[in-house]
Amino acid sequence: MYLPREASVIPAPSTRSRSLLCYPIRTQGSPQLLKVSGLAAVALLACVLPFTIVALQQAQHPMAEGGTSTGGAHAAIYDAQHRPITAGGFVQSGPVVFLDDSEKSGLASWNHIMGSPDKKYIIEANGSGVCLLDYNNDGWLDIYLVNGSTYDAASGKATPPHAALFRNNHDGTFTDVAELAGVTNDRWGFGCAVGDYNNDGWPDIYVTNFGKNRLYRNNRDGTFTDVAEQAGVALGNWSTGATFGDYDGDGFLDLFVPGYVHYDFAHPPIPGSSSVSYASCVFRGVPVMCGPRGLTGESDRLFHNNGNGTFTDVSVKAGVSDPSRFYGFSSVFVDLNNDGKVDLAVADDSTPNYLYINNGNGTFSDESYSSGFALNQDGREVAAMGLAVGDYKNNGWDDLFVTDFSDDYDVLYRNDGNASFTDVSYPMGIAQDTIPFLGWGCGFIDYDNDGWKDLFLVNGHVYQAVDRQDWGTSFAQRPLLFHNDRGRHFSLVPAVEHTGLAMVASSRGAAFGDLFNNGKIDVVINPLSGHAILLRNVNPDHNHWVDLRLIGGPKGPRDAVGATVYLTAGGIRQRGDVLSGGSYMSSNDQRVHFGLGSAATVDKLLIHWPGGDVESVHLSAVDRVFTITQGKGVTGVLCVACGKPSKQHASGSAAPARP
């Protein structure tokens with residue numbers, strides 16, 4: 001199924017033909033063809049020669065058909081016990097960073113279900129996302145886990161599996177209240193995104209499905225109502241990793257929804273059928289399920305929030321409709337060129353990534369190629385699944401990271417300023433260690449609170465056949481944690497036996513946040529066909545921290561999505577953003593977290609609110625969760641270590657009922 005390196009730059013007939021242009025050469029605006037004259041001919045030769053070599057290589061190595069863009073087959077890597085490095089390579093002792101608290105927390109009581117055990121079709125293999133949100137406004141993060149479905153359930157022959165909403169009990173445990181809250185979904189679920197779309201001070205949930213999507217409006221009493229049909233955002237077919245963001249600055253959150261594959265239950269993608277443009281679907285010579293290459297893609301949608309509970313599809317007008325029908329997975333609205341307007345990044349599977357720059361007039365410019373984000377350093381598209389955003393260099397510019405398929409490297413894109421990106425995966429130490437792994441959810445997290453954002457990513461293969469081959473990879477895989485050495489290099493943190501980093505699962509969605517209000521960033525993982533996983537951060541550092549919950553004013557979204565925060569402490573100036581979406585079809589803690597290292601005071605805190613206001617706020621202490629209301633400064637403080645009661649959040653709402 002998945003294409004070897006020598007074939008990866010040649011597009012499937014049904015996907016795209018533009019890759020034969022030399023897009024990696026930077027141009028102003030949209031990519032242009034080179035004029036052949038003088039020295040330009042040399043440049044053109046450098047551009048087309050690799051593709052000529054590819055054509056010659058293909059004559060000797062027939063293309064594996066019906067799959068995904070990836071690198072060439074790499075040598076197998078095993079540990080001392082001859083386990084694939086993806087499910088081994090553990091060390092016996094060392095710092096313990098995460099512990100698997102799945103059983104203790106209660107999350108292991110819920111199981112993700114998607115398709116049949118043999119994963120015959122692509123719709124059964126991609127898994128689902130997870131969202132962190134404080135749905136009842138009690139100051140503690142709750143957990144929403146999207147579930148999949150089965151062919152029998154989708155046809156009404158079996159009871160569909162339910163999504164989970166785990167209420168935080170404030171004692172390290174969680175209780176599933178999804179049925180009482182009315183958010184079980186009961187459809188073939190994929191992603192979720194969190195955003196207060198109606199500005200009532202309570203987080204809402206958008207769930208993407210195969211079939212109609214759901215918009216769960218928070219009723220402010222511990223329950224939700226699906227209003228997707230009335231709001232005009234139900235859609236249909238296969239939607240993936242959505243994101244909320246106020247792209248036009250009117251103070252209401254808009255909604256972007258990527259599309260993946262146009263799938264037909266009645267005509268599943270079988271080699272040689274009308275649904276597949278290839279006669280065979282193989283990976284390293286082994287027959288596998290087909291897709292996404294060779295399958296018809298699904299377009300992306302942008303919905304403008306009308307401010308009255310309804311949305312209008314403005315995809316074409318805004319310039320983000322994806323007419324090429326690339327295979328979209330994860331997306332996020334974020335200001336990448338620091339002009340105060342949120343831009344839009346989309347991670348696409350086996351097709352070029354999208355980067356849309358906000359023009360400030362309701363439209364976007366497609367700068368995917370000219371920005372450097374569309375392709376990797378080899379000038380080819382990757383099988384991008386997860387998407388992380390963060391300023392790993394602490395220079396004030398947000399960088400991007402995407403996870404990739406096995407036999408290829410995950411890509412770190414450094415923001416060189418003004419949303420111009422460079423693939424620095426190899427020099428920064430990311431590429432080599434990720435090649436055997438198949439990556440999904442990912443996030444920039446400061447796990448040790450030293451003031452520098454690290455990288456966490458979860459992994460898992462899509463083909464169970466890999467466990468029967470001598471390829472040095474596995475279906476269930478361990479996560480990877482890279483430590484940030486002050487923006488100069490990333491180093492892989494050893495996986496100590498019997499700890500969270502040695503946890504092996506076929507992971508998919510992942511969300512990151514401070515679940516226990518102790519300043520440690522924890523990880524919740526939604527695996528493919530397995531129980532939910534909670535990795536609790538127990539790193540033995542004693543660094544200081546602050547969490548910031550922002551409440552927007554009348555000019556912007558109430559949940560402050562799109563806000564950018566700059567904090568200076570200990571001589572380091574950090575950036576944090578309030579975001580919706582990202583990772584792999586998931587949504588993280590929307591409170592902005594800063595590790596402070598040994599600094600016991602915050603020297604400066606500057607908030608760039610959506611709508612343009614800039615506010616300086618004084619923090620009187622550290623190691624606390626602060627609620628900051630636009631124009632009013634600090635309006636709530638939570639300090640678990642202080643032993644004080646949780647008396648927040650100054651949201652202007654009555655105490656919520658608990659289902």
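1. Let me start at one residue pair: Asn415 has Phe421, in β23, as its bridge partner. Strand β22 (residues 411–415) and β23 pair in the antiparallel sense, over three bridges. Strands here are DSSP runs of E with at least two residues, numbered from the N terminus, and two strands pair if DSSP finds at least two bridges between them.

2. A word on the ground rules: this is a predicted model, in which local features need pLDDT of at least 70 and side-chain atom pairs count only at pLDDT 80 or more, while totals for chains, interfaces and linings use all residues. Residues are numbered from 1 along each chain as its sequence is written, and side-chain values use heavy atoms, with hydrogens and water left out.

3. Back to the sheet. β22 and β23 belong to an open, four-stranded, antiparallel arrangement in the order β20-β21-β22-β23. At its edges lie β20 (387–390) and β23 (421–423), each pairing on one side only. On average, neighbouring strands of this sheet are turned by 20 degrees against each other, direction ignored; the axes are lines fitted to C-alpha atoms, with angles from 0 to 180 degrees between N-to-C directions.

4. Do look at the hairpin of β32 and β33, which has two residues between the strands. In its turn, Gly570 has a positive phi of about 60 degrees. Strand β32 (residues 564–569) runs antiparallel to β33, joined by six bridges, and Ala569 stands opposite Ile572 in β33. Five of the six residues in β33 (residues 572–577) are buried, so this strand is largely enclosed by the rest of the structure. Buried means under 20% relative accessible area, exposed over 50%, and partly exposed in between (1.4 Å probe, protein chains only).

5. Of its 36 lining residues, Val389, Phe444, Asp577, Asn588 and Asp589 are the closest to the centre. A cavity is a set of points, on a 1 Å grid over the protein atoms alone, where a 1.4 Å probe fits but cannot get out; lining residues have an atom within 4 Å of a point.

6. The second largest cavity holds about 330 Å³ of space. Its lining has 22 residues, with Asp134, Pro203, Arg549, Asp559 and Gln590 nearest the centre. β2 (130–133) and β31 (544–551) each supply at least two lining residues; the largest share, three residues, comes from β31.

7. Which cysteines tie strand β2 to strand β6? Cys131 and Cys192 form a disulfide, with their sulfur atoms 2.2 Å apart. Cys131 lies in β2 and Cys192 in β6 (residues 188–195), so the pair ties together parts that are 61 residues apart in sequence. The torsion about their S-S bond is about 125 degrees, so the disulfide is right-handed. Cys131 and Cys192 are buried. By the rule used, a pair of cysteine sulfur atoms within 2.5 Å, the count is three disulfides.

8. Another disulfide joins Cys281 and Cys290, with sulfur atoms 1.9 Å apart. Cys281 is buried at 3% relative accessibility, and Cys290 is buried at 1%. Cys639 and Cys642 are also joined, S to S 1.9 Å. Here Cys639 counts as buried at 6% relative accessibility, whereas Cys642 is partly exposed at 35%.

Definitions and conventions:
On a 1 Å grid over the protein atoms alone, a cavity is a set of points where a 1.4 Å probe fits but cannot get out, and a pocket is an open set with protein on both sides within 12 Å along at least five of seven lines; lining residues have an atom within 4 Å of a point. Grid points are joined across faces, edges and corners, and a volume is the space filled by probe spheres set on the points.
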